[in-house]
2 protein chains.
Amino acid sequence: MLWNGWGDPAKAAPLPETVTALLRDLLGVQPRSTPALRLDDVRPPAPTTAPAALRALADAVGEEHVRTDAESRVRHTRGKSTPDLLRLRAGDVTDVPQAVVLPAGHDEVLAVLRACAAHGLAVVPFGGGTSVVGGLAPQRSAFVALDLRRMNALLDLDPLSRTAVLQPGLRAPEAEALLAARGFTLGHFPQSFEWATIGGFAAARSSGQASAGYGRFDEMVLALTLATPEGTIDTGRAPRSAAGPDLRQLILGSEGAFGVITSVTVRIRPLPEVRTYEGWRFASFEEGAAALRRLAQDGPRPTVLRLSDETETLVGLAQPDAIGADPAGTDPAGGGAGCLAIAGYEGTAEDTAHRRERAAAVLADCGGTPAGTAPGERWAHGRYSAPYLRDALLDAGAFAETLETAAFWSRIPELYSAVRTALTDTLTRAGTPPLVMCHISHVYENGASLYFTVVSAQGEDPVAHWTPAKHAANEAVLAAGGTISHHHGVGTDHRDWYVREAGPLGVSALRAVKRRLDPEWLLNPGVLLPTD
Amino acid sequence: MLWNGWGDPAKAAPLPETVTALLRDLLGVQPRSTPALRLDDVRPPAPTTAPAALRALADAVGEEHVRTDAESRVRHTRGKSTPDLLRLRAGDVTDVPQAVVLPAGHDEVLAVLRACAAHGLAVVPFGGGTSVVGGLAPQRSAFVALDLRRMNALLDLDPLSRTAVLQPGLRAPEAEALLAARGFTLGHFPQSFEWATIGGFAAARSSGQASAGYGRFDEMVLALTLATPEGTIDTGRAPRSAAGPDLRQLILGSEGAFGVITSVTVRIRPLPEVRTYEGWRFASFEEGAAALRRLAQDGPRPTVLRLSDETETLVGLAQPDAIGADPAGTDPAGGGAGCLAIAGYEGTAEDTAHRRERAAAVLADCGGTPAGTAPGERWAHGRYSAPYLRDALLDAGAFAETLETAAFWSRIPELYSAVRTALTDTLTRAGTPPLVMCHISHVYENGASLYFTVVSAQGEDPVAHWTPAKHAANEAVLAAGGTISHHHGVGTDHRDWYVREAGPLGVSALRAVKRRLDPEWLLNPGVLLPTD
């Protein structure tokens with residue numbers, strides 16, 4: 001993973017010339033003049049942790065699994081939001097951990113928590129490090145990053161019940177490979193797939209691109225083990241239960257603030273025989289949204305179902321790999337007019353054929369025009385490439401960031417309009433008029449999520465340009481009845497709006513849980529819940 | 001509702017002579033010799049509540065909505081478990097409330113909670129009064145029953161989002177009628193349907209007979225309002241969210257211990273065009289369970305899917321209305337050999353036909369023999385009649401009770417065997433050998449629920465005979481990896497086992513929530529969570 005960008009450096013691709021020209025002409029993007037900072041140039045302040053604390057950590061996990069070198073610490077500084085990357089690129093490592101600690105299992109996690117409690121160190125659980133909401137930047141200067149990468153085993157697989165017990169540090173491709181060897185899949189494919197971990201998916205209520213078919217990650221979780229400073233919670237003895245509030249749903253979304261998730265029992269499904277993705281064109285976002293709603297409500301449900309708005313379709317971001325290839329939109333698989341939807345089908349040959357045929361009839365009945373499998377294949381090929389594209393945009397001197405929300409269907413038009421307006425107005429006033437694109441990324445019977453991408457010039461200080469726009473978008477989300485996050489989570493970036501969404505008494509109840517499980521407020525202080 | 005039994009007295013039916021003979025010959029059931037107690041004969045102790053407290057309650061809801069007459073109080077004493085009914089029939093009203101208070105809305109509920117806090121009165125939220133787990137018997141002598149029947153409105157219906165906002169005191173048939181007038185259904189049809197309320201469904205995580213198609217009640221809930229002594233929680237702005245732990249799932253299953261649910265936003269669906277139920281025969285429970293598992297895992301999913309074991313099939317309880325009609329099992333729609341499954345399909349004509357045809361192929365492939373629609377229709381006709389049958393059995397001097405659990409599929413055989421053995425051994429040792437019947441009542445991809453019915457002679461003291469058997473069944477459930485309740489809830493009856501299932505730290509976290517929302521522990525003290 002790039003220390004100051006996304007993913008595998010070998011996968012980085014420069015922007016096509018047409019895109020660079022578009023950025024310059026449309027948004028006034030200027031090439032960066034300063035050379036990029038190298039990792040070696042970044043000098044975090046020396047750790048201030050007492051030797052006794054480091055010894056206690058070494059006792060917990062073994063000396064070789066406590067790392068205090070600069071590179072390890074810088075690589076565990078913040079997450080992957082655009083402000084995170086911009087700050088790192090500027091050499092700002094104020095949120096650097098004191099040390100990186102790598103436990104091998106549940107008991108070692110408990111031992112680390114005890115050592116940290118004894119020495120007043122905060123703890124930030126660290127999976128893939130892919131948070132885009134400030135989930136790895138606690139409000140405490142002295143903290144350790146608890147990197148879970150050594151906890152990367154498939155602990156159990158029950159083919160009859162179709163369940164698997166996974167350790168939290170498994171990255172999604174590793175988990176899929178272990179399951180595939182037994183003929184199964186989890187079916188969780190978020191954009192962060194290549195790097196994010198099972199524990200992170202659970203802690204932040206992730207949702208994947210195939211959620212229409214496989215469900216959200218929180219719907220896949222059947223049981224959890226949580227290590228806390230006060231001991232262990234093991235929960236989940238049946239798919240569903242009436243034995244009290246669902247403790248699983250209290251741990252899911254707790255973002256490391258209640259404890260460290262040390263195992264996750266998930267629902268698994270047989271590997272699909274067939275995977276087919278195809279494109280559909282709609283005259284407008286409204287028309288396309290109505291079609292998606294009809295499939296979500298009355299079926300048949302595709303496995304993947306998403307719809308880009310006019311701008312995103314025109315730019316080609318519906319299929320990131322194709323961006324700039326066909327700006328005129330003459331190729332039906334490229335950009336072009338109207339709105340592009342992607343419908344995908346995974347499963348047995350018989351089931352996918354039947355669903356696809358019936359869904360096609362519904363989509364056509366709703367005004368859709370089939371665009372064939374080419375856009376679907378391009379989308380599938382580029383489904384994880386948007387974060388690489390962001391790196392290229394940042395390198396080219398542009399600013400690019402995403403945000404997302406969800407609401408009930410009847411609120412979607414207002415939510416869409418309000419967030420676009422907030423972003424456009426705020427950034428235009430700041431002198432960096434943006435391109436705002438959107439797609440419906442996940443559908444439900446009763447509502448949908450909206451995923452926005454913003455591209456603009458960086459301006460003098462890109463973080464200072466972005467912050468008011470992001471705040472205005474957050475305000476627009478709440479005012480239009482949306483949730484502050486559909487699948488990115490709360491972290492520190494959304495916390496103040498989350499507190500308003502959940503309400504003072506709801507937040508206070510969660511704080512009571514935190515006090516019980518983490519009385520010294522060591523776990524991710526300031527992430528999710530305010531510290532006071 | 002009968003004060004000492006179930007439901008509408010007009011629907012009571014005496015047992016067929018064949019059943020009475022069977023009870024006598026097989027189980028040694030003796031007709032009761034003592035005449036039944038009448039409601040007028042039951043004399044609860046006079047309320048000890050101070051006049052100032054009653055005045056405060058009258059100030060909150062109006063004088064005419066504070067009832068202290070004996071009949072109102074007796075009618076709000078405990079719920080509808082067999083021990084509850086037997087105690088009432090014996091004139092035992094030790095759990096009688098001081099008063100019955102009927103608020104008209106959220107603000108009045110808050111006012112009642114304030115009044116109760118000021119005067120040290122506990123509060124038991126009361127919907128349909130159908131708890132079968134001691135959920136209405138708090139561990140405090142001075143409490144009021146908060147009857148929510150006046151809060152029975154459909155507050156809003158959003159046809160586009162397919163959501164409806166319901167007040168908690170709506171009984172299920174009332175809610176269905178209000179929705180049906182607009183072309184919608186909730187699709188929640190538990191055995192308690194005729195009497196239970198929306199608030200109770202939410203508070204106790206109810207699951208209906210059509211859960212394979214419509215989902216459990218907790219899956220239908222999109223938003224909730226909770227009135228607590230410390231204020232209000234409003235939660236749910238989107239179908240799904242990554243904004244922290246799911247507060248809805250903390251309120252669902254809280255059984256009145258965290259607050260009073262004052263509105264519930266639910267997912268609704270169009271009224272089905274077609275409802276078809278049919279029977280399938282399997283050679284054994286194991287074979288039938290494998291068929292249900294295959295449909296639950298690979299589809300197509302019927303709307304209703306259940307399977308009676310050999311004993312329940314033989315007795316005819318798979319279709320309660322048919323009991324005794326055909327003890328020899330010569331009528332394929334009656335009792336008989338093997339195991340009877342019911343598969344039901346609700347939806348559009350096209351969708352139900354397609355699902356039914358494909359499911360039939362799967363069921364046949366799994367060894368099933370079609371038994372036609374007659375058993376399905378009988379099941380549907382008698383789907384709410386088992387509690388009436390229990391009254392008739394109690395009247396005839398027999399003991400009858402039910403219990404239920406759930407687990408992952410691979411644990412189901414062990415769970416089935418362990419609970420049967422526990423019940424049979426304990427009651428046999430007590431001199432009242434039982435008939436133990438079971439059916440799979442709800443199916444999931446990863447597991448299923450088991451619903452047991454026990455019939456025996458009453459013995460000297462039926463509650464004393466039953467208690468050790470119930471405790472042995474609870475122990476067997478936990479030992480075999482099941483949950484202490486799949487859809488009845490915890491109440492006071494399951495609390496000690498629930499505490500072991502959730503674990504000390506999990507329970508402690510929930511107690512921290514309770515302390516925050518209900519610092520004086522006024523709400524259902526001792527229900528769900530232990531008081532110390």
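I began with accessibility: a residue counts as buried under 20% relative accessible area, as exposed over 50%, and as partly exposed in between (1.4 Å probe, protein chains only). With 42% relative accessibility, Ala364(B) therefore counts as partly exposed. I noted that Ala364(B) belongs to helix H13 (residues 349-365) of chain B, where helices (H or I, at least four residues) and strands (E, at least two) are DSSP runs numbered from the N terminus.

Before going on, I wrote down that this is a predicted model, in which local features need pLDDT of at least 70 and side-chain atom pairs count only at pLDDT 80 or more, while totals for chains, interfaces and linings use all residues. Residues are numbered from 1 along each chain as its sequence is written, chains are lettered from A and ligands numbered from 1 in the order in which they are written, and side-chain values use heavy atoms, with hydrogens and water left out.

**Entry: the two chains**

I asked how chain A is superposed on chain B. A rotation of 180 degrees with 0.0 Å of shift along its axis does this, at an RMSD of 0.0 Å, and that is the relation of a two-fold axis. The superposition is by least squares on the C-alpha atoms of residues with pLDDT of at least 70 in both copies. In chain A, the C-alpha nearest the axis belongs to Ala512(A), at 2.8 Å from it.

I then looked at the interface, taking contact to mean heavy atoms within 4.5 Å. I found 79 residues of chain A in contact with 79 residues of chain B. Because 100% of the interface residues of chain A are also interface residues in chain B, the copies meet through the same surface. Buried area (the accessible area, with a 1.4 Å probe, that two parts lose on being put together, summed over both) is about 6,200 Å² between chain A and chain B, and carbon and sulfur atoms give 58% of it. In chain A, the residues that lose the most area to chain B are Arg237(A), Pro245(A) and Leu505(A), together 14% of what that side buries.

**Entry: domains of chain A**

For chain A the domain assignment, whose bounds come from an automatic or database source, gives domain 1 (154-270), domain 2 (274-381) and domain 3 (386-488). The centres of domain 1 and domain 2 of chain A, taken over C-alpha atoms, are 29 Å apart. Seven residues of domain 1 of chain A are in contact with nine residues of domain 2 of chain A, and these two domains bury about 570 Å² between them, 52% of it on carbon and sulfur atoms. Which three residues supply more than any others of the area that domain 1 of chain A buries against domain 2 of chain A? I found Gln209(A), Ala212(A) and Tyr214(A), with 71%.

**Entry: aromatic rings**

I used the rule that rings of Phe, Tyr and Trp (its six-membered ring) pair if their centres lie within 6.5 Å, with planes under 30 degrees apart counted as stacked, over 60 as edge-to-face and the rest as tilted. By this rule I have 16 aromatic pairs over all chains. The rings of Phe189(A) and Tyr214(A) have centres 6.4 Å apart and planes at 80 degrees, so this pair is edge-to-face.

Phe285(A) and Tyr416(A) form a tilted pair, with 4.6 Å from centre to centre and 40 degrees between the planes. Phe285(A) lies in helix H11 (residues 285-298) of chain A and Tyr416(A) in helix H16 (residues 412-429) of chain A, so the pair ties together parts that are 131 residues apart in sequence.

**Entry: backbone details**

I kept in mind that most residues other than glycine have a negative phi, and that most peptide bonds are trans. The bond joining Gly299(A) and Pro300(A) is cis, with omega about -5 degrees, and the bond from Gly299(B) to Pro300(B) is also cis, with omega near -10 degrees. Glu255(A), which is not a glycine, has a positive phi near 50 degrees, and at 9% relative accessibility Glu255(A) counts as buried.
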